[in-house]
Amino acid sequence: MLMMSDPFRQLDRLTQQVLGSTAHPAAMPLDAWREGNEFVVAVDLPGVEAESIDVNVEQNVLTVHAERKDTVGEGVELIASERPRGVFSRQLILGEALDTEHVKAGYGGGVLTLRIPVAEKAQPRKIEIMSGANTQQQQINA
């Protein structure tokens, strides 16, 4: 039988579950990195059905909503409850250098993966350098 009798430990667990900590956020922990010409964001959503995930972009703010439903049936005595359930939301502010019109999302293995391309105007490009006496004249005529 599982016994939980330390009230301070229970309070600490509840606080971490609701507020999270720097090592373990309450819900929707994520990793983000750049891969070539796109940014990738991986959001942990174990136990969440793909149909309950909603991803929106509005004015460079990307919002992820998800719901983890209660899997315990009615009339069952719950012995321990440490997995967060309910509705979760997370917002990311995207820079102007990202193309919010072409965000791609995939979900598998409990991880939501978002791929956000770098905008064409923000990608590195080579600048041609002109040399010689005609350089100043060409710039004036342009």
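In this predicted model, 3 strands come together in an open sheet with the order S3-S4-S5, and their pairing is antiparallel. Helices (H or I, at least four residues) and strands (E, at least two) are taken as DSSP runs, numbered from the N terminus, and two strands count as paired if DSSP finds at least two bridges between them. Strand S3 (54-58) and strand S5 (86-93) stand at the edges, each with a single partner strand, so one side of each has no neighbour in the sheet. From one strand to the next, the twist averages 15°; the axes behind such angles are lines fitted to C-alpha atoms, for helices over the stretch in contact, and angles run from 0 to 180 degrees between N-to-C directions.

Turning to the pairing of S4 and S5, strand S4 (residues 61-68) is joined to S5 by 8 bridges, with the two running antiparallel. Within this part of the sheet, Glu 67 stands opposite Val 87 in S5.

The loop between S3 and S4 deserves a look of its own. Gln 59 is found there, and its phi is positive, about 50°, although the residue is not a glycine. Asn 60 lies in the loop between S3 and S4 too, with a positive phi near 65°, again in a residue other than glycine. How do they stand towards solvent, buried or exposed? Gln 59 is exposed, with a relative accessible area of 73%, whereas Asn 60 counts as buried at 16% relative accessibility. Here buried means under 20% relative accessible area, exposed over 50%, and partly exposed in between (1.4 Å probe, protein chains only).

Residues are numbered from 1 along each chain as its sequence is written. Local features need pLDDT of at least 70 and side-chain atom pairs count only at pLDDT 80 or more, while totals for chains, interfaces and linings use all residues; side-chain values use heavy atoms, leaving out hydrogens and water.
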